[in-house]
Amino acid sequence: MFNGLHYNSIATYLKEKFGCRVVKLSLDGGFTCPNRDGSKGTGGCTFCSGSGSGDFAGTIDEQIKGLSKKWAQPQKFIAYFQSFTGTYAPAEKLRSLWESALSCPGVVGLAVATRPDCLGTEVLDLLEEYNKRTFLWVELGLQTANEISAENFNRCWKNADFEEAAHNLSARGIKHVTHLILGLPGEDKQQMLASARYAARFSPFGIKIHMLHIMEGTKMGRQYGETPFPLLSMDEYVDTVCDIIEILPPQVTIHRLTGDAPQDKLIAPDWTRNKHRVLNAIQQEFSRRGTFQGFRAVV
Ligand code: SF4
């Protein structure tokens with residue numbers, strides 16, 4: 001068991017590594033995305049809000065002040081460049097952003113969310129340099145290993161891009177975290193498990209899982225409004241999450257098991273609004289099964 005949980009939570013990993021609570025600061029580095037500016041596509045992934053999946057991103061100072069009021073205990077921070085594509089800029093801009101983040105009191109590392117097709121040699125060189133200087137991981141939004149689903153939501157890169165990126169990062173000793181979305185239109189449970197197995201093949205440092213959110217202001221939101229399609233119930237989601245965690249090796253850190261959609265923009269599913277209920281249900285399901293992360297690991 002993992003400190004009372006049934007999985008290897010990143011919060012526990014960071015607490016053990018740094019000796020105190022470590023909080024991620026969600027930052028907007030002012031990036032755009034090649035799937036929005038026309039270089040790879042336009043309109044973005046159909047589920048993506050105009051904020052590039054960084055709806056809560058803000059400045060470092062604002063966030064540190066807010067968190068210091070919330071928790072009296074000492075804490076450290078990971079500067080998390082979450083919005084849009086966090087390596088889609090010249091290396092000098094990335095260097096300047098990362099330097100400025102690392103110079104803030106209490107910041108002990110960097111997390112950079114990006115697309116696998118935005119990791120050219122110059123960016124990899126820079127990531128390698130910073131990986132030697134600080135604690136760092138790179139997040140890759142795989143979402144699914146099913147290329148038909150990926151085409152349907154307009155991902156605009158291929159699994160081969162992911163494979164190359166994961167290989168290049170590993171070859172330089174850089175940790176990566178893979179995002180998966182459950183409940184994409186047309187995907188059944190076996191497909192979702194296949195995506196998790198695929199992600200596990202590349203020895204990720206971590207995995208992030210969340211339910212597909214149908215959001216206002218997105219193409220998928222309009223499609224859902226015109227022709228609603230089936231979404232997972234909370235029970236189906238919990239069952240699939242537990243199955244996925246059981247097949248992940250125990251050393252893979254779990255970064256997220258629910259999403260954080262802005263409440264005022266969420267169209268469906270309604271049950272995702274109550275994060276604690278979902279997390280409790282996952283714990284209860286593991287207790288009922290008597291299983292844990294790695295119980296059925298195959299890699
Ligand atoms: S790659 Fe990321 S930021 Fe770009 S459109 Fe897709 S989800 Fe949004």
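F202 is buried, with a relative accessible area of 17%. Buried means under 20% relative accessible area, exposed over 50%, and partly exposed in between (1.4 Å probe, protein chains only). This is a predicted model, where local features need pLDDT of at least 70, side-chain atom pairs count only at pLDDT 80 or more, and totals for chains, interfaces and linings use all residues. Residues are numbered from 1 along each chain as its sequence is written, and side-chain values use heavy atoms, leaving out hydrogens and water.

Back to the rings. Y198 is buried too, at 8%. The rings of Y198 and F202 have centres 5.2 Å apart and planes at 65 degrees, so this pair is edge-to-face. Here are the cut-offs: rings of Phe, Tyr and Trp (its six-membered ring) pair if their centres lie within 6.5 Å; planes under 30 degrees apart count as stacked, over 60 as edge-to-face, the rest as tilted.

How many aromatic pairs does the structure hold? The count is 14. In one of them, F162 and Y198 have ring centres 5.8 Å apart and planes at 35 degrees, so that pair is tilted. Ring pairs also link Y13, F18, F135, W137 and F205 into a cluster.

Now the cysteines. The structure holds zero disulfides, a disulfide being a pair of cysteine sulfur atoms within 2.5 Å. C45 is buried, at 16% relative accessible area. C156 is partly exposed, at 24%.
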